[in-house]
Amino acid sequence: MDFISSDWRQKIVLSGHAADYWDLEDNARNLKWGQMVHAVLARIEKTENLPKVIAEEVNNGRIGVAEAATLSEVLTGIVNDKDIVRFFDGRYKVKNEAAVMRKGGREYRPDRLMFASDKVIVMDYKTGIASSAHAEQVTNYAQLLNEMGYDNVDKYLLYIDREHKLLKL
């Protein structure tokens, strides 16, 4: 049996804004990046909140100035993306990290719930490698919302790494 071998670095190019924090071989650094992203997004209802929230994170010593600059650049690009801006422009009533209880007492925390008069949108943020488990998680959140009487639920995953990607489920 013959194997074809070549240097993957010559065939795959990884690029994007979060390159200083996303390291394929440094799981601790990746975890820290994901925690920073989630901490900031958990406090943002509208795009205009982003600079203030990042400044507060710096002032409280949770992130450094260099990290803040990168985080600001990445997240500003995301919340102003033509496909994503509508989720951060103030048109929805937003609940970030809201605890939702299932019968029996189990608690769930979708990253972002957005309420309109005719529907609910559930969005989860991910900073790691895409997985079918992510879609299952968001689908479970939607089923829970259906059980609560919300019949029209849209589901989204927002991947935030070297580049961002919005998936409608």
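The face of helix α2 turned away from its buried side carries the exposed residues Pro51, Lys52 and Asn59. Here, buried means under 20% relative accessible area, exposed means over 50%, and partly exposed lies in between, with a 1.4 Å probe and protein chains only. Helices (H or I, at least four residues) and strands (E, at least two) are DSSP runs, numbered from the N terminus.

This is a predicted model, in which local features need pLDDT of at least 70 and side-chain atom pairs count only at pLDDT 80 or more, while totals for chains, interfaces and linings use all residues. Residues are numbered from 1 along each chain as its sequence is written, and side-chain values use heavy atoms, with hydrogens and water left out.

- Helix α2 spans residues 50–59, and its buried residues are Leu50, Val53, Ile54 and Glu57.
- After α2 comes Gly61, which has a positive phi, near 80°.
- Glu48 is placed in the loop between α1 and α2, and Glu48 is exposed, with a relative accessible area of 60%.
- Although Glu48 and Gly90 are 42 residues apart along the chain, their C-alpha atoms are separated by 9.4 Å.

**Overall organisation**

- The chain contains four helices and seven strands, and their order along the sequence is α-α-α-β-β-β-β-β-α-β-β.
- Of the 169 residues of the chain, 37% count as buried.
- Among contacts (heavy atoms within 4.5 Å) with a separation of 6 or more, 55% join residues 24 or more positions apart.

**Confidence of the prediction**

- The chain has a mean pLDDT of 83, and 82% of its residues reach 70 or more; pLDDT is the predictor's confidence in each residue, from 0 to 100.
- Confidence is lowest in α1, at a mean of 81, and highest in strand β4 (residues 112–115), at 96.
- Over residues 1–24 the pLDDT is below 50, and this stretch has 33 contacts in the model beyond near neighbours in sequence.

**Nonpolar cores**

- In soluble globular proteins, nonpolar side chains tend to be buried together.
- A nonpolar core is a set of buried Ala, Val, Leu, Ile, Met, Phe, Trp, Tyr and Cys residues joined through side-chain atoms within 4.5 Å.
- The largest nonpolar core has 28 residues, and those with the most contacts inside it are Val40, Leu41, Leu71, Leu75, Phe87, Phe88 and Ile160.
- Two or more residues of this core come from each of α1 (27–41), α2, α3 (65–79), β5 (120–126) and β6, and α3 gives the most, with six residues.
- Leaving out residues up to four places away in sequence, Leu71 touches Trp33, Met36, Val37, Val40, Ile54 and Ile63.
- Another core, of 13 residues, lies apart from the largest one; Val120, Tyr141, Leu145 and Tyr159 are among its residues.

**Salt bridges**

- Side chains of opposite charge can pair when their charged atoms come close.
- A search of the whole structure finds eleven salt bridges, each being a side-chain nitrogen of Lys or Arg within 4 Å of a carboxyl oxygen of Asp or Glu.
- Lys32 and Glu67 form a salt bridge in which the closest N and O atoms are 2.7 Å apart.
- This pair links distant parts of the chain, since Lys32 is in helix α1 and Glu67 is in helix α3, 35 residues apart.
- Lys32 counts as partly exposed because its relative accessibility is 40%, whereas Glu67, at 12%, counts as buried.
- Arg91 and Asp89 also meet in a salt bridge, at 2.6 Å from N to O; Arg91 is exposed at 52% relative accessibility, and Asp89 is partly exposed at 37%.
- A network of salt bridges links Arg43, Lys52, Glu56, Glu57 and Arg62.

- Lys155 belongs to strand β6 (residues 153–160).
- Lys155 is buried yet has no salt bridge, and the nearest side chain of opposite charge, Asp154, is 8.2 Å away; Lys and Arg count as positive and Asp and Glu as negative, while His and the chain ends are not counted.
- Leaving aside neighbours within four places in sequence, Lys155 is in contact with Val122, Val138, Thr139, Ala142, Leu167, Lys168 and Leu169.
- Lys155 and Leu167 are twelve residues apart in sequence, and their C-alpha atoms are 8.4 Å apart in space.
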